Amino acid sequence: MQEETARSAIDTFISAFNASDDSHVTALLSQALTSDVVFWGPLGRSEGIEAVERFVLDIRRHPAGTGTMVRCSAVDMPDEWARYQWVFTTPDGGPRLAGTDVIHLRRSLIDQVIVFAGEIEPSAS
């Protein structure tokens, strides 16, 4: 049951990247995130839905064109933490970025997001 709750919050969060227009982004994020969400992104730590909204809008305005964000894995959830993999692809064979997010849930909403963008290099053992 908890995994389904996480999957729903994650998919709503991801849908903000694919909203039909920018005016829908805040409403979608408000359905998935707590108002005091902590977002650990590529540019560091930020707090609040407004900070996440700025990040999402920046991605939506990618120089190669409006891309598509999709969850490309199952949701793995031990207790209140979950992880999933995603792919962002720009149109016409433009840049593609993949990564893994780790999220924490509080009362069915995401209150922490940690974004790991890009591939992890194999160890040089």
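**Fold and selected residues of the predicted model**

The protein chain contains 3 helices and 6 strands, where helices (H or I, at least four residues) and strands (E, at least two) are DSSP runs numbered from the N terminus. In this predicted model, local features need pLDDT of at least 70 and side-chain atom pairs count only at pLDDT 80 or more, while totals for chains, interfaces and linings use all residues. Residues are numbered from 1 along each chain as its sequence is written, and side-chain values use heavy atoms, with hydrogens and water left out. Following the sequence, the elements come in the order α-α-β-β-α-β-β-β-β.

For the overall dimensions, the C-alpha trace spans about 50 × 40 × 25 Å along its principal axes. The radius of gyration of the chain is 14 Å, which agrees with the value near 14 Å for a compact globule of 125 residues; the radius is taken over C-alpha atoms, and the globule rule is 2.2 Å times the number of residues to the power 0.38. Of the 125 residues, 38% count as buried; buried means under 20% relative accessible area, exposed over 50%, and partly exposed in between (1.4 Å probe, protein chains only). Contacts are heavy atoms within 4.5 Å, and among those with a separation of 6 or more, 46% link residues 24 or more positions apart. The chain exposes about 7,200 Å², with carbon and sulfur atoms supplying 53% of this area, as computed by the Shrake-Rupley method with a 1.4 Å probe; for residues, only the protein chains shown count as cover.

Turning to the helices, helix 1 has 16 residues and reaches 24 Å from its first C-alpha to its last, close to the 22 Å expected at 1.5 Å a residue. The expected span is 1.5 Å times one less than the number of residues. Buried positions in helix 1 are Ala6, Ala9, Ile10, Thr12, Phe13, Ile14, Ala16 and Phe17. Those of helix 3 are Ile49, Ala51, Val52, Glu53, Val56, Leu57 and Arg60, and they pack against helix 1 (2–17), helix 2 (25–32), strand 1 (33–41) and strand 2 (44–47). An α-helix has 3.6 residues a turn, so residues three or four places apart point the same way.

Phe13, in helix 1, counts as buried because its relative accessibility is 2%. Leaving aside residues up to four places away in sequence, Phe13 touches Leu29, Ala32, Leu33, Phe39, Val52, Tyr84, Asp101 and Ile110. Phe13 and Ser46 are 33 residues apart in sequence, and their C-alpha atoms are 16 Å apart in space.

Thr90 sits in the loop between strand 4 (81–89) and strand 5 (96–106) and, at 3% relative accessibility, counts as buried. Its contacts, not counting residues up to four places away in sequence, are with His62, Ala64, Gly65, Gly67 and Pro95. Asp79 belongs to the loop between strand 3 (68–71) and strand 4; this residue is exposed, with a relative accessible area of 54%. Its phi is near 65°, a positive value in a residue other than glycine. Ser108, in the loop between strand 5 and strand 6 (109–117), also has a positive phi, near 70°, and is partly exposed at 46% relative accessible area.
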